[in-house]
Amino acid sequence: MNAVGFSPTSELNTTEKEFDNILYSTPLKKTSTNEDILSTQQYELQHAVKKIRTILANKSGKDDGLEKLIMIDTIKRLALDHYFQEEIAAILAAHNSEWCTLDEEGGGDLHEVALRFRLLRQEGYHVTCDALNKFKGKNGKFKQELSKDTRGLMSLFEASHLGIQGEDIL
């Protein structure tokens with residue numbers, strides 16, 4: 001747990017834990033030369049990339065949309081996105097077409113909507129911030145209950161850096 005009482009690993013589902021294990025649990029074997037180290041690292045990286053591609057390909061259900069977005073976000077934060085450009089492009093294209101059909105009631109919780117918004121904007125898609133209006137109250141401000149949604153507010157904060165002029169909600 002960190003200072004605000006949020007433990008990022010406590011909310012991970014099975015796939016996310018498996019994904020984290022692939023990325024963080026492959027220690028380098030002790031080798032004698034730099035060439036051996038480089039060869040071992042390249043093999044482990046190729047193996048991890050194949051496993052992650054398999055996980056991304058196997059996530060095809062509607063409920064897996066958020067998991068895919070979280071995986072894309074993690075891959076981008078680790079600067080490994082160049083290994084998965086085609087997969088990321090296909091997933092975000094599907095999310096973009098879904099974004100176009102969102103109304104004020106659909107689209108998930110604040111974390112999911114803000115994460116989707118940010119990833120689509122980062123990839124150059126022109127998406128409106130109208131889907132965030134469902135989190136506003138009648139007074140035009142964000143609903144009070146969102147103050148307890150730390151993960152959602154952090155996602156909204158990260159998305160706010162991609163706002164354009166005239167988007168007052170961000």
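Biologist: Between two axes, an angle over 145 degrees counts as roughly antiparallel. This is a predicted model; how do H2 and H3 stand to each other?

Modeller: Helix H2, residues 34-58, packs with H3 at an angle of about 155°, their axes being 10 Å apart. The cut-off is over 145 degrees, and therefore H2 and H3 are to each other roughly antiparallel.

Biologist: Which residues of H2 and H3 make the contact?

Modeller: H2 and H3 cross in a left-handed sense. H2 contributes Ile52, Ile55 and Leu56, while the residues from H3 are Lys68, Met71 and Ile75.

Biologist: How many residues in the contact of H2 with H3 are charged?

Modeller: The contact is made by Ile52, Ile55 and Leu56 of H2 with Lys68, Met71 and Ile75 of H3. Five of the residues in the contact of H2 with H3 are nonpolar and none is polar. The number of charged residues in that contact is one.

Biologist: What is H3 in relation to H5: roughly parallel, roughly perpendicular or oblique?

Modeller: The axes of helix H3, residues 65-77, and H5 come within 10 Å and cross at roughly 50°. Angles under 35 degrees would be roughly parallel, and 65 to 115 roughly perpendicular. The angle therefore makes H3, relative to H5, oblique.

Biologist: How many residues of the contact of H3 with H5 are charged?

Modeller: H3 passes H5 in a left-handed crossing. The H3 side of the contact consists of Leu66, Leu69, Ile70, Ile72, Asp73, Lys76 and Arg77, and the H5 side of His111, Glu112, Leu115, Arg116, Arg118, Leu119 and Gln122. In the contact of H3 with H5, six residues are nonpolar and two polar, and the number of charged ones is six.

Biologist: Is isoleucine 70 buried or exposed?

Modeller: Isoleucine 70 lies in helix H3. Its relative accessible area is 12%, and the limit for burial is under 20%. Isoleucine 70 is therefore buried.

Biologist: Which residues is isoleucine 70 in contact with, leaving aside its neighbours within four places in sequence?

Modeller: In space, the C-alpha atoms of isoleucine 70 and glutamate 112 are 8.9 Å apart, although 42 residues separate the two in sequence. With the neighbours within four places in sequence left aside, the contacts of isoleucine 70 are Glu16, His111, Leu115 and Arg151.

Biologist: Is arginine 77 buried or exposed?

Modeller: Arginine 77 is found in helix H3. Apart from its neighbours within four places in sequence, arginine 77 is in contact with Arg118 and Glu158. Its relative accessible area is 52%, against a threshold of over 50%, so arginine 77 is exposed.

Biologist: How do H5 and H6 run relative to each other?

Modeller: The axes of H5 and H6 come within 8 Å and cross at roughly 20°. The cut-off is under 35 degrees, and H5 and H6 are therefore roughly parallel.

Biologist: How many residues of the contact of H5 with H6 are nonpolar?

Modeller: The crossing of H5 and H6 is left-handed. H5 supplies Leu110, His111, Ala114, Leu115, Phe117 and Arg118, and H6 supplies Arg151, Gly152, Leu153, Ser155, Leu156, Glu158 and Ala159. In the contact of H5 with H6 three residues are polar and three charged, and the number of nonpolar ones is seven.

Biologist: Against which helix do the buried residues of H6 pack?

Modeller: Gly152, Ser155, Leu156 and Ala159 are buried in helix H6, residues 150-160. They cover an arc of only 100° around the axis, which puts them on the same side of H6. The helix that the buried residues of H6 pack against is H5.

Biologist: What pattern does the protein follow, read along the sequence?

Modeller: Of the 170 residues of the protein, 36% count as buried. The secondary structure comes to six helices and zero strands. Read along the sequence, the pattern is α-α-α-α-α-α.

Note on methods: Residues are numbered from 1 along each chain as its sequence is written. This is a predicted model: local features need pLDDT of at least 70, side-chain atom pairs count only at pLDDT 80 or more; totals for chains, interfaces and linings use all residues. Side-chain values use heavy atoms; hydrogens and water are left out. Buried means under 20% relative accessible area, exposed over 50%, partly exposed in between (1.4 Å probe, protein chains only). Helices (H or I, at least four residues) and strands (E, at least two) are DSSP runs, numbered from the N terminus. The arc is that of the directions from the helix axis to the C-beta atoms. Contact means heavy atoms within 4.5 Å. Axes are lines fitted to C-alpha atoms, for helices over the stretch in contact, and angles run from 0 to 180 degrees between N-to-C directions. A crossing is left-handed if the near helix is turned anticlockwise from the far one by less than a right angle, and right-handed if clockwise. Ala, Val, Leu, Ile, Met, Phe, Trp, Tyr, Cys and Pro count as nonpolar, Asp, Glu, Lys and Arg as charged, and the others, Gly among them, as polar.
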